[in-house]
Amino acid sequence: MIRPLIERYREYLPIEPGDPVVSINEGSTPLIEAPAVSERVGARVLLKFEGLNPTGSFKDRGMTMAVSKAKARGAQAVICASTGNTAASAAAYAARAGMRGAVIVPQGNIAVGKLAQSLIYGARVISLDGNFDDALVIVRHLADNFPIELVNSVNPYRIEGQKTGAFELIEELDGPPDALAIPVGNAGNVTAYWKGFTEWDTSPLLYGAQAAGAAPLVIGEPVERPETIASAIRIGKPARGDEALTAFDESGGRVRSVTDEEILEAYAFLASREGVFCEPSSAASVAGLFVHGIEPDSDAPTPETIVCVLTGNGLKDPDTALAASEGVIECSTDLSEVEEAVFGDRPA
Ligand code: AN7
């Protein structure tokens with residue numbers, strides 16, 4: 001069935017009858033049972049695999065709304081700052097809408113797949129000698145002073161589209177999960193899930209996870225030089241940080257940090273034990289459960305069903321997968337050598 005996200009949830013979205021719908025059939029992503037993760041944490045864990053959206057990340061949910069509304073207003077160009085996924089999504093939806101796209105990304109800290117996507121969709125890609133937080137300040141300035149639409153998650157339509165992730169969970173599980181585990185960078189996604197849950201009168205525990213080197217919400221202050229291998233969440237000054245903290249608090253949940261090592265362990269575990277290949281940042285949600293357990297900070301009951309939001313597809317970042325794995329085994333066409341390669345001990 002061809003059903004763009006905006007059509008599926010039209011009655012809950014600020015979309016007017018005459019508005020164009022710029023869609024690549026985003027949303028309606030699978031919810032996958034995770035038996036190995038479940039056993040390890042002692043609760044039923046399901047994976048909401050947002051990496052199966054059209055550009056390979058959750059960003060497409062908000063982007064279909066933001067670009068549709070930009071087009072409705074007659075905008076001819078969109079711009080964003082991005083650690084990569086917002087850039088790829090903005091570039092794709094701009095292409096689809098017949099608009100120009102410009103994206104500003106932190107030099108040397110964006111996964112190669114995201115760069116390739118942004119380029120081939122036809123956006124102007126600017127590699128900034130600075131980090132995401134610097135880029136966000138710059139694009140806000142440009143959007144204030146030039147006729148170009150800002151499509152970062154400070155744009156309210158991004159949150160509106162993104163909240164549909166919560167609706168899908170409630171529909172698929174016939175009610176909300178007890179807890180939602182989610183990676184946190186600029187804090188748009190968790191803010192949006194909370195909006196969706198509360199609009200449908202539900203309030204699961206929110207379990208946020210930040211990378212230890214980029215954990216402003218955990219330490220309670222901005223991080224000037226964020227560092228983590230999870231480049232998507234290498235953000236020190238989250239635009240929606242205060243809203244996210246309120247959401248964690250209201251839900252009775254928590255926000256915790258996980259080290260790069262813990263993120264990579266969860267990342268490899270998901271791929272090798274569940275057959276689900278997400279990007280490192282996404283695995284932070286699962287690492288948070290592995291490292292910190294499943295008890296909430298409040299006196300709410302221990303959750304029995306937990307959904308982990310896997311925000312992006314592992315294929316976006318082949319470099320990290322290659323670095324985190326045992327290498328390939330090179331071999332001649334000699335049959336005995338191939339037999340040894342397949343069945344013998346791994347060369348040290
Ligand atoms: C895979 O693309 O901020 O807390 O510029 O790509 O809503 O920011 C990406 C963020 C989690 C964090 N997982 O979500 C960007 C960008 C993945 C991501 C996050 C991002 P937010």
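The questions and answers below go through a predicted model of one protein chain.

Local features in this predicted model need pLDDT of at least 70, side-chain atom pairs count only at pLDDT 80 or more, and totals for chains, interfaces and linings use all residues. Residues are numbered from 1 along each chain as its sequence is written, and side-chain values use heavy atoms, with hydrogens and water left out.

Visitor: How many helices and strands are in the protein chain?
Guide: Helices (H or I, at least four residues) and strands (E, at least two) are DSSP runs, numbered from the N terminus. By that rule the protein chain has 15 helices and 10 strands.

Visitor: What is the radius of gyration of the protein chain, against that of a compact globule?
Guide: The radius is taken over C-alpha atoms, and the globule rule is 2.2 Å times the number of residues to the power 0.38. For 348 residues the rule gives a value near 20 Å, so the chain agrees with it at 20 Å.

Visitor: What percentage of the residues in the protein chain is buried?
Guide: Buried means under 20% relative accessible area, exposed over 50%, and partly exposed in between (1.4 Å probe, protein chains only). Of the 348 residues, the buried share is 57%.

Visitor: Which cysteine has the sulfur closest to that of C278?
Guide: A disulfide is a pair of cysteine sulfur atoms within 2.5 Å, and a search of the whole structure finds 0 of them. C278 counts as buried because its relative accessibility is 1%. Its sulfur lies 9.6 Å from the closest cysteine sulfur, too far for a bond, and that sulfur belongs to C308.

Visitor: Is C308 buried or exposed?
Guide: The relative accessibility of C308 is 0%, so this residue counts as buried.

Visitor: Which residues of helix 8 are buried?
Guide: Helix 8 spans residues 164-172 and is mostly covered, with 7 of its 9 residues buried. After the helix comes D174, with a positive phi near 55°. The buried residues of helix 8 are T164, G165, A166, F167, E168, L169 and I170.

Visitor: Which residues is T202 in contact with, leaving aside its neighbours within four places in sequence?
Guide: T202 sits in the loop between helix 9 (188-199) and strand 8 (205-211). At 13% relative accessibility, T202 counts as buried. Contact means heavy atoms within 4.5 Å. Beyond those sequence neighbours, the contacts of T202 are I170, P176 and F197.
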